[in-house]
Amino acid sequence: MADTQQVDPKAERTVAKLARQISAFSKAHGGAEGQVAHIGERGARIVLVGEDGGWGDLVAPSTEIAGKAVERAGITVHESFDGEFAAKVTTGPYEWKRMAGIQIGG
């Protein structure tokens, strides 16, 4: 029986682009781990945490595309952003100032 599953070229390009960005982040930060979270109609958020504590995120159009991208990039993926994984994030003055601004309406 032949495989009749169609590959969406646009989705495949998106997966490839996200995987390149994840791999570049990982290389720049001495390795990386991630977590994929559904964010509603917008798609899915891929949170990345580098071995050096640096962090960033990307948005994918769906959790399926995000999952394929992190798999292709070959990083460890966590089910949730808590515990030891969250403790790896290093925050600096910018983040603390930004968080304080949110709390006081800035």
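This is a dialogue about a predicted model, asking what stands behind each label.

Student: Why is E33 called buried?

Tutor: Its relative accessibility is 9%. Buried means under 20%, so E33 counts as buried.

Student: Where is E33 found?

Tutor: In strand β1, residues 32-38. E33 stands opposite V49 in β2.

Student: What makes E33 and K88 a salt bridge?

Tutor: The closest N and O atoms are 2.3 Å apart. The cut-off is 4 Å between a Lys or Arg side-chain nitrogen and an Asp or Glu carboxyl oxygen, so the pair qualifies. This bridge links distant parts of the chain: E33 sits in strand β1, K88 in the loop between α3 (83-87) and α4 (93-103), 55 residues apart.

Student: Is K88 buried, partly exposed or exposed, and what makes it so?

Tutor: K88 is partly exposed, with a relative accessible area of 33%.

Student: What makes E33 and H78 a polar contact?

Tutor: Their side chains are joined at 2.3 Å. The limit for such a pair of N or O atoms is 3.5 Å.

Student: Which residues does E33 touch, leaving out those up to four places away in sequence?

Tutor: V47, L48, V49, E51, I75, T76, H78, F85 and K88. Contact here means heavy atoms within 4.5 Å.

Student: How many salt bridges does the structure hold?

Tutor: Four. One of them is E33 with K88. Another is D57 with R45, whose closest N and O atoms are 2.7 Å apart.

Student: What does the D57 and R45 pair tie together?

Tutor: D57 lies in strand β3 and R45 in strand β2, so the pair ties together parts that are twelve residues apart in sequence. D57 is partly exposed at 37%. R45 is partly exposed too, at 31%.

Student: What makes K68 and E64 a salt bridge?

Tutor: Their side chains meet at 3.3 Å, N to O. That is within 4 Å. K68 and E64 are four residues apart in helix α2, which means a separation of about one helical turn.

Student: Why do K68 and E64 get their accessibility labels?

Tutor: K68 has 44% relative accessibility, so K68 counts as partly exposed. E64 has 52%. Exposed means over 50%, so E64 is exposed.

Student: How do you know that the span of α1 is close to the expected one?

Tutor: Helix α1, residues 9-28, has 20 residues. From first C-alpha to last, α1 reaches 29 Å. At 1.5 Å a residue, 28 Å is expected. The two values are close.

Student: What is found at the start of α1, and what follows the helix?

Tutor: At the start, a side-chain oxygen of D8 reaches to within 3.2 Å of the backbone nitrogen of K10. After α1 comes G30, with a positive phi near 70°.

Student: Which residues of α1 are buried, and what do they pack against?

Tutor: A11, V15, A16, L18, A19, I22, F25 and S26 are buried. The buried residues of α1 pack against β1, β2 (44-50), β3 (55-60) and α2 (63-73).

Student: What makes a set of residues a nonpolar core, and how many residues has the largest?

Tutor: The residues must be buried, of the listed nonpolar kinds, and joined through side-chain atoms within 4.5 Å. The largest core has 17 residues, and I22, I46 and L48 have the most contacts inside it. Elements giving two or more residues to this core are α1, β2, β3 and α2. I22 touches residues including I46, L48, L58 and A69.

Student: What makes β1 and β2 paired strands?

Tutor: Pairing takes at least two bridges. Seven join β1 to β2, which run antiparallel. The two form a hairpin with five residues between them, and G40 in the turn has a positive phi of about 85°.

Student: How many bridges join β1 to β4, and do the strands run parallel or antiparallel?

Tutor: Three bridges join β1 to β4 (residues 76-78), and the strands run parallel. There, G34 stands opposite V77.

Student: How do β2 and β3 pair?

Tutor: In the antiparallel sense, over six bridges. V47 stands opposite D57. In their hairpin, G53 takes a positive phi near 95°.

Student: Which residues of β3 lie on the covered face, and which on the uncovered one?

Tutor: G56, L58 and A60 are on the covered face. W55, D57 and V59 are on the uncovered one. In a regular strand, side chains alternate between the two faces of the sheet.

Methods:
Residues are numbered from 1 along each chain as its sequence is written. This is a predicted model: local features need pLDDT of at least 70, side-chain atom pairs count only at pLDDT 80 or more; totals for chains, interfaces and linings use all residues. Side-chain values use heavy atoms; hydrogens and water are left out. Buried means under 20% relative accessible area, exposed over 50%, partly exposed in between (1.4 Å probe, protein chains only). A polar contact is a pair of N or O atoms within 3.5 Å; within protein, one must be able to donate a hydrogen and the other to accept it, and residues adjacent in sequence count only if both atoms are side-chain atoms. The expected span of a helix is 1.5 Å times one less than its number of residues.
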